[in-house]
Amino acid sequence: MSDDAREGRTAGHADARSHGDGRSHGDGGSQGAWTPSDIARARTAYRRTQRRRALLVAAVATVIVLGAVVLVVTNAPGWERARDAFFSPQRAVEVLPEVAAGLWLNLRVWIVASVVGLIVGLLLAVLRTSRIPALFPLRLFAIAYVDVFRGVPLLLILLLVGFGLPALRLPWLPVSAAFLGGLAIVLTYTAYLAEIFRAGIESVHPSQVAAARSLGLTRGQAVRRVVLPQAVRNVTAPVASMLVALQKDSGLISILGAVDAIRAAQIATTGDYNFTPYVVAGVLFLLISIPLTRLVDAWSARQGWRGQMRGIAGAGALR
Amino acid sequence: MSRASDGGARPGKPDAPLLSLRGVRKTFGTGAGQHVVLDGIDLDVAEHQCVVLVGSSGSGKSTLLRAVDLLEEIDDGQILLDGEDVANPWVDANAVRARLALVFQQYNLFPHLRVLDNLTLAPRVVHRRPRPSAEADAHAILEKVGLTHRARAYPDQLSGGEQQRAAIARALVGGPELLLLDEVTSALDPALAGEVLDLLLALRAEGTTMLVATHEMRFARQVADEIVFLHEGRIHERGTPTQVLDHPQRDATREFLRRLG
Ligand SMILES: Nc1ncnc2c1ncn2[C@@H]1O[C@H](COP(=O)(O)OP(=O)(O)OP(=O)(O)O)[C@@H](O)[C@H]1O
Ligand SMILES: [Mg+2]
């Protein structure tokens with residue numbers, strides 16, 4: 001198809017055509033059969049041995065470091081006692097159902113808080129960067145909100161919301177520890193997310209807005225169609241790490257008495273001095289956050305430069 | 001105000017130029033750092049005419065084009081489009097910009113959109129056209145600039161010349177009444193520059209009015225009805241390509257042409 005398109009153009013520009021062919025990445029197949037020359041084969045072989053050597057070095061280094069760590073830990077004087085107190089397999093199996101049930105609460109808090117935080121955070125960021133006069137009071141509110149909730153420790157917000165709001169005795173306000181704890185987390189994280197999104201919006205070059213406006217788009221259309229998509233793309237990595245942090249901090253609602261994974265583990269450790277439940281809770285958090293970060297990495301790689309490296313003019317392939 | 005057009009086929013309003021600048025002044029900065037970029041520019045572009053702006057780097061060509069597209073606020077003077085002063089802040093700037101099209105010196109393609117979507121964004125969002133008909137138009141224009149095979153690529157994946165042609169294509173989509181072109185051949189090899197030149201000549205034959213900034217005197221010579229030489233914020237010399245390029249009257253013009261070689 002591409003060849004037809006080029007063929008359709010004015011004759012007598014053979015130079016330009018072959019030029020275009022040279023530059024177009026990967027729509028070929030039309031070039032004649034090619035058998036690599038000796039030089040090319042030698043280079044390929046060289047690159048292969050280099051790759052093998054790199055792999056070997058990495059493997060040996062890993063084994064050495066891991067071995068050293070295991071030796072140091074297992075030779076520590078208190079290793080035996082620590083192993084029994086923290087890594088008792090039998091205790092782990094016993095407490096797993098309770099801790100997992102607690103983790104389900106963490107997950108729900110995390111999902112709701114993430115969704116609300118992302119949406120409200122983005123809205124606040126747009127609000128703060130908009131120039132609509134009627135929105136001025138809202139803009140002031142957004143600035144004050146972000147300043148306050150970024151500046152006060154999450155723990156303090158949790159205590160204030162968790163114990164302060166119920167004191168108001170508002171009949172319509174749910175007073176469960178999970179709700180109030182979630183609310184406190186949302187309040188704090190929304191402020192952070194708003195700032196990240198604002199940075200993203202401000203990172204889009206003004207010439208992009210000029211181009212959009214030049215095409216007749218209104219200010220709002222330019223923001224929605226040109227600025228925000230680029231802004232969100234620019235900040236996926238920091239936003240994602242914020243969400244991972246949020247997942248961990250969802251454990252703070254245990255302070256208010258909500259029975260989440262941490263609180264369940266805490267309950268399970270009272271009485272004996274076996275702290276295995278905490279380790280179980282930690283492992284469960286890891287089981288969620290590690291795949292999550294990998295997923296986000298993979299997704300943002302597809303969105304960003306890294307995923308497209310192959311196809312970007314000027315990116316090259318550096319050795 | 002010598003309008004150098006041949007005055008040939010110009011249906012419609014023969015007398016009122018499509019675009020007139022009157023005493024346009026533009027400065028950047030304030031106080032001691034103030035820098036007068038445009039210092040009382042008078043300029044007419046009649047319908048179907050191609051006016052070419054030349055002048056050394058920093059002489060204000062881009063600024064002038066951006067001011068016409070209402071992307072810069074001018075300090076004084078008038079920008080008359082069909083007789084209406086669009087520099088007035090109460091004029092609907094979006095409506096004016098939708099009638100004009102500017103090809104930016106730096107292209108300013110939208111990196112998050114494929115070439116095709118770069119072209120269809122304005123028709124879909126501004127003119128509320130359904131996607132299929134907008135894409136049909138876009139494909140026709142991509143064919144014109146020889147980019148059919150790159151329609152699904154992202155701007156980052158294009159060579160410099162391809163980006164430039166994509167930017168031209170994006171500007172052509174709305175069927176603008178006035179095309180503003182900023183250095184459209186700077187990134188093209190001679191063969192491609194020739195093609196873009198052919199394209200612009202074809203557009204002019206179709207009746208598109210153009211105001212073009214360029215450093216390429218060969219290009220200016222071929223496409224211009226009138227050449228305007230900007231120097232120190234003023235129009236220093238104007239006339240047909242023959243008058244300005246072959247028989248320059250002023251020292252500054254001669255010096256400028258001599259340095260270009
Ligand atoms: N936003 C701005 N703030 C301050 N100065 C500016 C701004 N935009 C342009 N200028 C200045 O105005 C002058 C004219 O710039 P302009 O881009 O119009 O030049 P030009 O004739 O297009 O140059 P070139 O041929 O290099 O593209 C330059 O001196 C430039 O530094
Ligand atoms: Mg310029």
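1. UniProt, in an unreviewed entry, puts the feature "domain: ABC transporter" at residues 19-257 of chain B; its positions follow the numbering used here, feature names are shortened, and annotations may be inferred rather than shown by experiment. That span is 37% helix and 25% strand, with its end C-alpha atoms 27 Å apart.

2. Bear in mind that this is a predicted model: local features need pLDDT of at least 70, side-chain atom pairs count only at pLDDT 80 or more, and totals for chains, interfaces and linings use all residues. Residues are numbered from 1 along each chain as its sequence is written, chains are lettered from A and ligands numbered from 1 in the order written, and side-chain values use heavy atoms, leaving out hydrogens and water.

3. Now for ligand 1. Among the 13 residues around ligand 1, the nearest are B:Ser57, B:Lys61, B:Ser62, B:Thr63 and B:His215 (a heavy atom within 4 Å counts as near). Helix H1(B) gives the largest share of that shell, 3 residues; helices (H or I, at least four residues) and strands (E, at least two) are DSSP runs numbered from the N terminus.

4. Look at the polar contacts (pairs of N or O atoms within 3.5 Å). An oxygen of ligand 1 sits 2.6 Å from a side-chain N or O atom of B:Ser62, while for a polar backbone atom of B:Gly58 the distance to a ligand oxygen is 2.8 Å.

5. Over on chain A, A:Ile111 belongs to helix H5 (residues 89-129). A:Ile111 counts as partly exposed because its relative accessibility is 43% (buried is under 20%, exposed over 50%, partly exposed in between, with a 1.4 Å probe and protein chains only).

Notes
A polar contact is a pair of N or O atoms within 3.5 Å; within protein, one must be able to donate a hydrogen and the other to accept it, and residues adjacent in sequence count only if both atoms are side-chain atoms.
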